[in-house]
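Here's a friendly tour of a protein model, starting with its charged side chains and moving on to its rings. Take a look at the structure, then read on.

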Amino acid sequence: MNNSLIRFPEVQKRTGYSKAWLYRLLGENRFPKPVKIGSRSIAFVESEINAWIDARIAERDSAGAN
């Protein structure tokens with residue numbers, strides 16, 4: 001398991017989501033919670049982001065099977 005931290009721009013790149021949309025998902029508890037790494041900085045656990053992406057792919061694949 002990779003516990004590396006990745007910053008917000010990398011999360012945006014991997015998900016294809018805007019900053020506003022990611023904050024909306026965070027507010028709705030539909031996205032992995034960030035880790036505070038400074039007074040005004042956050043990062044995300046890479047393995048949690050990868051798992052979230054994998055879950056979206058699994059949802060797509062299970063929906064297509066119906």
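Let's begin with a charged pair: the side chains of Glu 46 and Arg 14 meet in a salt bridge, with 2.8 Å from N to O. Glu 46 belongs to helix α3 and Arg 14 to helix α1, so this pair ties together parts that are 32 residues apart in sequence. Keep in mind that this is a predicted model.

Arg 14 has another partner, too. Its side chain also meets that of Glu 10 in a salt bridge, and Glu 10, Arg 14 and Glu 46 are linked in a network of salt bridges. Glu 10 and Arg 14 sit four residues apart in helix α1, so about one helical turn separates them. How exposed are these residues? Glu 46 is buried, because its relative accessible area of 12% is under the 20% cut-off. Arg 14, at 30% relative accessibility, counts as partly exposed, and so does Glu 10 at 27%.

The structure holds six salt bridges, including these:

| Salt bridge | N to O distance |
|---|---|
| Glu 10 and Arg 14 | 2.8 Å |
| Glu 46 and Arg 14 | 2.8 Å |
| Arg 60 and Asp 61 | 2.7 Å |

Now for the rings. The count comes to six aromatic pairs. In one of them, the ring centres of Phe 8 and Phe 44 are 5.7 Å apart and the planes meet at 65°, so the pair is edge-to-face. Phe 8 lies in helix α1 and Phe 44 in strand β3, so the pair ties together parts that are 36 residues apart in sequence. Phe 8 and Phe 44 are both buried. Tyr 17 and Trp 21 also pair edge-to-face, at 6.4 Å centre to centre and 75° between the planes.

Finally, the core. The largest nonpolar core has ten residues, among them Phe 8, Phe 31, Phe 44 and Trp 52. Helices α1, α2 and α3 each give two or more residues to this core, and α2 gives the most, with three.

Notes:
Residues are numbered from 1 along each chain as its sequence is written. This is a predicted model: local features need pLDDT of at least 70, side-chain atom pairs count only at pLDDT 80 or more; totals for chains, interfaces and linings use all residues. Side-chain values use heavy atoms; hydrogens and water are left out. Rings of Phe, Tyr and Trp (its six-membered ring) pair if their centres lie within 6.5 Å; planes under 30 degrees apart count as stacked, over 60 as edge-to-face and the rest as tilted. Buried means under 20% relative accessible area, exposed over 50%, partly exposed in between (1.4 Å probe, protein chains only). A nonpolar core is a set of buried Ala, Val, Leu, Ile, Met, Phe, Trp, Tyr and Cys residues joined through side-chain atoms within 4.5 Å. A salt bridge is a side-chain nitrogen of Lys or Arg within 4 Å of a carboxyl oxygen of Asp or Glu.
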